[in-house]
Amino acid sequence: GALTGFVDGSFSPFSPAPASAYVAGVVGALILTTPGARRLRPGQALTLVPIALYIALVALSTAPEVGRSWPLNFAAYLVAFLTARGNPFVGVGGSLLLVALATGWAIPQQPGAIQLAHLLGVPLSCLLVGIVWRLVLRFVVGRERAHRGASARSAEQAAASSEAFEATGRAFTEIHTDLAPLLGPLIASEPVDEGMRARFRNAEADVRDRFRAPHLRHPELTATISRLRSRGVTVVVLGEPTSVADRID
C-alpha cells in the first residue's frame, strides 16, 4: 500500500496525515490477522472500527474528487473481514459506519452515479463478501463437525462390538473350563445318578447367570449361590445395566 502511495503521488508532497493512515492500516492488519483459530476478543475487534474510520476519513479528506481510493478500500477490508473472522456484529456495524461516512462526504459534492459506484463499490462488496464468507464457513464447519461426530460414533460402535465379541469369547472359554470336568464322566459313560443331575442343574443355572447378569460375577456371590443351589434352593439372578460387583462385600 505504501508503495502504491509513492507510485501514484499520494506522498508528494509529503504529508503526515496520509503517512499516519498507512501506519494505522498496518496496525489494523496485524490485529485482524492475530494468530489463532478463534474470533478476536471484543476489545481487539472494536479497536479496528476507529482505525478503519480514521483511515477512511484521511483518505476522503485528501482525495481530489469522488472516486476510487485505495486507503478507503483497505479500511473497508479491515472491518468487513471481521465478519469472516467471527465478529459479525462489529464487522457489519463498522462497515455500515464506513459506508455512511463515505456517502456523507460524497453527497454534498453531487457526484455522478459512476463516481459514487467507484467510491462505494469496494466497501459494499467487502461487506457482502464478509457476510457470505461467514455463512459458508459456518456451513462447512458444521458439515465437518457432523462428519467427525458420525465417524466418532462409528468408531465407538466398532469398539463396543469388538469388546462384546472378546467378552463373549472369554465367557465361552470360562464355561468350557468349568463344564469340562462335569462332562468327562458323562463322556466316559458313567452312570448318571441324582448327584450328577444336581451338579448339571447347578452348572446350567450358573451358565444362565453368566449371560443374564454378567456384572454380578463376584466370586463370593457366585460361591454363595452355588452352595444354596446345592442345597436345593432355587436362586434367580437378575442383571443390571451397570456394574454393581464392586459394591458387593
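**Before you start**

Residues are numbered from 1 along each chain as its sequence is written. Because the model is predicted, local features need pLDDT of at least 70 and side-chain atom pairs count only at pLDDT 80 or more, while totals for chains, interfaces and linings use all residues; side-chain values use heavy atoms, with hydrogens and water left out.

**Stop 1: colour by confidence**

Colour the chain by pLDDT, the predictor's confidence in each residue, from 0 to 100. The protein chain averages 81, and 92% of the residues score at least 70. Now select residues 243–249, where pLDDT stays under 50. Where pLDDT is low, the predicted coordinates should not be read in detail.

**Stop 2: the largest core**

Next, select Ile55, Leu72, Leu82, Leu98 and Leu119. These have the most contacts (heavy atoms within 4.5 Å) inside the largest nonpolar core, which has 31 residues. A nonpolar core is a set of buried Ala, Val, Leu, Ile, Met, Phe, Trp, Tyr and Cys residues joined through side-chain atoms within 4.5 Å. Buried means under 20% relative accessible area, exposed over 50%, and partly exposed in between (1.4 Å probe, protein chains only).

Which elements give two or more residues to this core? They are α2 (16–32), α3 (42–62), α4 (70–85), α5 (88–106) and α6 (113–187). Helices here are DSSP runs of H or I with at least four residues, numbered from the N terminus. The most comes from α3, with ten residues. Another core, of five residues, lies apart; select Ala213, Leu216, Ile225 and Val235, which are among them.

**Stop 3: along α2**

Buried residues in α2 include Pro18, Tyr22, Gly25 and Ile31.

**Stop 4**

Select Tyr54, in helix α3. Is Tyr54 buried or partly exposed? Tyr54 counts as partly exposed, because its relative accessibility is 37%. Beyond four places in sequence, Tyr54 is in contact with Ala17, Ser20, Ala21 and Ala24.

Gln44 is also in α3, but Gln44 is buried at 18% relative accessible area. Leaving out residues up to four places away, Gln44 touches Ile31 and Thr34.

**Stop 5: Asn73**

Finish at Asn73 in helix α4, buried at 10% relative accessibility. Not counting residues up to four places away in sequence, Asn73 touches Val122 and Pro123.
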